[in-house]
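The report after it is meant to be read alongside the coordinates.

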Amino acid sequence: DARAQFNLGLTYAEGRGVAKDDSKVFEWFQKAAEQGLAEAQGSLGVMYWHGFGVARDPQKACRLWEAAGHQGNEKAMENYNENCSGHARRRQSRRRERGGSRQGAHS
C-alpha cells in the first residue's frame, strides 16, 4: 500500500537499518505518490526541486506540490507558494517579453 511504500522510502532516507540511498528513496516515494499519497507527492517534489536521487526538475516539483496541496498537505502548499507561483509568474513574464519583441520585429 502507498503508506508502506512511503515508509520504506523514509527508511532509506534516514538510513534506519539500511544504507542511505537517494535512488531508493526516490523509487519508493514515486510508487506512493503515483497512488495519490499527498505526503509522498510533497516529498517527491522536494527531491525533484533539489535533484536528490533524480535529475533536478522544478516543473515536476511544482506539479507534485500543487497536487499534494490540493489534498490538504500544508507543507507542499507552502513549497508551491514560495517556489512555484513566483517561478511561474517570472516564466510567463519572460514569454510575454519574447512575444512582444517578436511582434515588434515583424511590424
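Predicted model: local features only at pLDDT ≥ 70, side-chain atom pairs only at ≥ 80, totals over all residues.

## The chain as a whole

The secondary structure of the protein chain comes to five helices and zero strands, and from the N terminus on the elements run α-α-α-α-α. Of the 107 residues of the protein chain, 34% count as buried. Among the contacts between residues at least 6 apart in sequence, 33% join residues that are at least 24 apart.

## Helix α1 and its packing on α2

Helix α1 covers residues 2-14 and helix α2 residues 22-34. The end C-alpha atoms of α1 are 18 Å apart, which agrees with the 18 Å that its 13 residues should span at 1.5 Å a residue.

The two helices pack at an angle of about 165°, with their axes 8 Å apart. Because angles over 145 degrees count as roughly antiparallel, α1 and α2 are described as roughly antiparallel to each other, and α1 passes α2 in a left-handed crossing. On the α1 side the contact is made by A2, Q5, F6, L8, G9, L10, Y12 and A13, which meet K24, V25, W28, F29, K31 and A32 in α2. The residues of this contact divide into ten nonpolar, two polar and two charged.

The buried residues of α1 are A2, Q5, F6, G9, T11 and Y12, and what covers them includes α2 and also α3, which spans residues 38-50. Just after α1, G15 takes a positive phi of about 70°.

## Helix α2 against α3

The axes of α2 and α3 come within 8 Å and cross at roughly 140°. That angle makes α2 oblique to α3, and the crossing of these two helices is left-handed. From α2, the residues D22, V25, F26, F29, Q30, A32 and A33 meet A40, Q41, S43, L44, M47 and Y48 in α3. The residues of the contact between α2 and α3 divide into nine nonpolar, three polar and one charged.

| Helix pair | Axis angle | Axis separation |
|---|---|---|
| α1 and α2 | about 165° | 8 Å apart |
| α2 and α3 | roughly 140° | within 8 Å |

With buried meaning under 20% relative accessible area, T11 counts as buried because its relative accessibility is 18%.

A40 lies in helix α3, and at 0% relative accessibility A40 therefore counts as buried. Leaving aside residues up to four places away in sequence, A40 touches F6, F29, A32 and A33. Of these partners, F6 is among the α1 residues that meet α2, while F29, A32 and A33 are among the α2 residues that meet α3. F6 is also one of the buried residues of α1.

How values were computed. Residues numbered from 1 in each chain as written. Heavy atoms only, no water. Axes fitted to C-alpha atoms, helices over the stretch in contact; angles between N-to-C directions. Helix = DSSP H or I, 4+ residues; strand = E, 2+ residues; numbered from the N terminus. Parallel < 35°, antiparallel > 145°, perpendicular 65-115°, else oblique. Left-handed = near helix turned anticlockwise from the far one by under 90°. Contact = heavy atoms within 4.5 Å. Nonpolar A, V, L, I, M, F, W, Y, C, P; charged D, E, K, R; others polar. Expected span 1.5 Å × (residues − 1). Buried < 20%, exposed > 50% of the residue type's maximum accessible area, 1.4 Å probe, protein only.
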